[in-house]
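Hi,

Here is the structure I promised to pass on. Have a look, and my notes follow below.

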Amino acid sequence: MRNGRRRAYVETYGCQMNISDGELMEGVLEEDGYEIAQSPEEADVILVNTCAIREHAERRVLGRVAQLNGLKRERPEVVIGVTGCMAQRMGDRLLARAPYVDLVMGPDGYRRLPSALRAVRPAAGRPRKRLSVLDLDPGENYLGLEQRRRSQVTAWVPIQRGCDHRCTFCIVPYVRGPEKNRDPRDVLAEIGEVADQGISEVTLLGQTVNSYEHGDWTFPDLLRAVARVPGVRRVRFTSPHPNDVTPELVEAMAEEPAICEQLHLPVQSGSNRVLKRMVRRYTAESFMEKVEMVRAGVPDIALSTDVIVGFPGESEEDFEQTLELLAEVRFDDAFTYRYSPRAGTPATRLPADQFIPDDVGQRRLETLIAETRAVQAEINRGEVGRLEELLIERKGKTPGTVMGRTRRNKAAVMPGGEADIGRYRTAHLVRTTGATFVAEPAAAVLAEPVAAVLAEPVAAVLAEPVAG
């Protein structure tokens, strides 16, 4: 406690929705009088905001919570809470497994966070109380609660919570409940407030964001409306489901100048047999039709994807079909995973002999990573010399540099300082490490023709140290 105010620290793991939830919890705590601490060592309340998608993420959180217990031994009054998807999945079992955790709270409980913390706060003459808040509330969209936005450059705006899909590998429907879509008027009011604060880039969030519907509003309707909010200069959204990529969505992306030329389109597998077992509800062929439709409507679009290898029953032929699809699409970026069983999901009930041995799954993952990175590096080398608008997000790792992103979500480091953060800078991409770019202000590069830069051998360019 400092200056009579209790201090709270929120440490977030996982996806963009978790980041947004972390900001929401900080907003709830500030409204209740807490000061947000910059480290757990400074805090009276430590909340670990968690992900349950993969087993590795949960093991990491359990290790982190055990580490934080060292602070509790030094200061017994410290309250440790675990929130989010992992908390919802494990529930009271987490209290049993980690006796130093005081509070377990699922994603629909954040409105009750202040009262829950008061209930578990140590007090003289009162036995220690531990609490779990795990009810899933179909009506909870956090109306009236304000996020404490950590970035003054870009804003995450949830428009949807939960999921109605039942992909057999995914825990999300069981820890976040069914799909709940926010009233578009509330979404647009929030984005208007964000823009009034000087934040010009917004990302709409949802588990299958493009399945959004509310009354007569479809997702393309909402996307167009968001793109026309005064002060909004860039609009992104994640993560869409391939089945809900429609001609109307592509038309909105092509016609609205604020909508960025970037689309994350999770494919998961290139094998129809595996896709059917995953209950993805599309085929490799229909997925390719979506890709062709998007690229026809938005020719300069950058595509990214998610891929899972080692799903139960995946054969070598299935894996090769995934590699073939990726080679045909040539994604700008790919997030690659080895299948991770999650208790409670249908895939865990498949016959034991169908589960892929660890060494086979790891080999496939390493092959997948090598293939996707090679394609990404080749695409990016072809983009050296492009003139791009960068939105500067933060300082670079090297003094005198800043990091920004293009409309197509390519990261680039360029010369600059703190005054550049939040501003748009026009720059040339002068070289790449494969995944990121080094850029120079357009005027500086034009003083030395870009052709001279491009004339350098690729091997020499890639051998140079990269700022940031």
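Asp 21 has a relative accessibility of 0%, so it counts as buried (under 20% relative accessible area; exposed is over 50%, partly exposed in between, with a 1.4 Å probe and protein chains only). Its salt-bridge partner is Arg 161, with the closest N and O atoms 2.9 Å apart (a salt bridge is a side-chain nitrogen of Lys or Arg within 4 Å of a carboxyl oxygen of Asp or Glu). Asp 21 sits in helix α1 (residues 16-31) and Arg 161 in strand β8 (residues 160-161), 140 residues apart (helices are DSSP runs of H or I with at least four residues, strands runs of E with at least two, numbered from the N terminus). Arg 161 is buried too, at 8%.

A word on conventions: this is a predicted model, where local features need pLDDT of at least 70 and side-chain atom pairs count only at pLDDT 80 or more, while totals for chains, interfaces and linings use all residues. Residues are numbered from 1 along each chain as its sequence is written, and side-chain values use heavy atoms, leaving out hydrogens and water.

Glu 26 is buried at 4%, whereas Arg 150 is partly exposed at 41%.

In total, the structure holds 41 salt bridges. One network links Asp 300, Asp 332, Glu 383, Arg 386, Glu 388, Arg 408 and Lys 410.

Happy browsing!
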